[in-house]
Amino acid sequence: MIESPICSLLGIKYPLFQGGMAWIADGRLASAVSNAGGMGIIAAGNSRPNDIREQIRIARELTDKPFGLNIMLMSRYADEIAQMACEEKVAAVTTGAGNPSKYMAAWKEAGIKVIPVVASVAMAKLMARLGASALIAEGGESGGHVGELSTMVLVPLVVDAVDIPVLAAGGIADGRGAAAAFMLGACGVQMGTRFLSAVECSIHPVYKEKILKARDLCTTVTGKRIDHAQRSLRTQYTRDFAKAEYGGAPDEELAQLSVGSFRLAVREGDLEKGCFLAGQCAAMVNKEQTAAEIVTDVMEGAEAVLKGASKWVK
Ligand code: TUI
């Protein structure tokens, strides 16, 4: 069985996190992943604190295993949600899309394990210095907000820069990817896109269908011009956004295009105005499975690959 220091740190069976996907990663999905032995994560995204508190309550009803809360730091509710994490005493907080420095002392005081997502070596070093328990190094193959570096480069650089456990994210969707992450020095993986196909993932059927049908060139990155690079499925939204972005539309117009676009994809399956966030590995996700089947498939797959790796060494 695959096991690593992140398992004892959090009291989980497998070193596998479910990504904190805004509007998607709710109490139902997170509890299913935690029940399967991974680390389920509820995503706060841009949601209101009370809605997230409700999702935490739902998860606690559905599992007695640990789960985490992902705080999207660009949210206008980030301060309130950071405070709520302390009140609810979630097992772990992961963060995304920013620098969580100002919250870290309070989270640690509340006994919460702090596991920031980083996309650079500088941020990794800062987080380690401020007492992060572990890091998630997320490469630009991932869906949603993306940094500059790919997983293949970012993970070993971060592993060398800090002396806390590092999980790899971005482009990992099966046992091969997870095994590769361990070879790069990671002691765990985080997957988002693969869990979009989970039975317990409540996205609109149109969204799920688009993930299952996606091929290699089906994702693209928009928003680089305004420092909001994000990867999603190529749709009418990305065509409209690119036209405005490269046609010199003012920043406010671009921001306006994106308002509500994640929610429209997730809740309405809106193929015109919806932004269907997804990683490059959407092309590798071809069937709907339960969260438990996904966790087992990836962990057992990684074990088989790692056991067979010695065939390359003479
Ligand atoms: O956060 C993500 N992916 C996301 S968040 C999201 S929701 C959203 N809503 C509105 C605007 C933007 C996003 C959709 N997808 N991944 C983790 C991640 N964090 N990737 C990169 C980073 C990151 C970037 C900059 C982490 C730290 C950072 O620091 C910048 C600084 O402050 O120096």
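Here are a few questions and answers about this predicted model.

Residues are numbered from 1 along each chain as its sequence is written. Local features need pLDDT of at least 70 and side-chain atom pairs count only at pLDDT 80 or more, while totals for chains, interfaces and linings use all residues; side-chain values use heavy atoms, with hydrogens and water left out.

Q: Is Val-162 buried or exposed?
A: Let's find Val-162 first: its place is in the loop between helix H7 (151-161) and strand S8 (166-169). Helices (H or I, at least four residues) and strands (E, at least two) are DSSP runs, numbered from the N terminus. Buried means under 20% relative accessible area, exposed over 50%, and partly exposed in between (1.4 Å probe, protein chains only). Val-162 has 13% relative accessibility, so it counts as buried.

Q: Which residues is Val-162 in contact with, leaving aside its neighbours within four places in sequence?
A: Contact means heavy atoms within 4.5 Å. With those sequence neighbours left aside, the contacts of Val-162 are Ala-124, Lys-125, Ala-128 and Leu-135.

Q: How do helix H10 and helix H11 run, roughly parallel or roughly antiparallel?
A: H10 (residues 236-246) and H11 (residues 251-258) pack with their axes 10 Å apart, at an angle of about 175 degrees. Axes are lines fitted to C-alpha atoms, for helices over the stretch in contact, and angles run from 0 to 180 degrees between N-to-C directions. Angles under 35 degrees count as roughly parallel, over 145 as roughly antiparallel, 65 to 115 as roughly perpendicular and the rest as oblique. That's why H10 is, relative to H11, roughly antiparallel.

Q: How far apart in space are Val-162 and Gln-236?
A: In sequence, Val-162 and Gln-236 are 74 residues apart. In space, C-alpha to C-alpha, the distance between Val-162 and Gln-236 is 42 Å.
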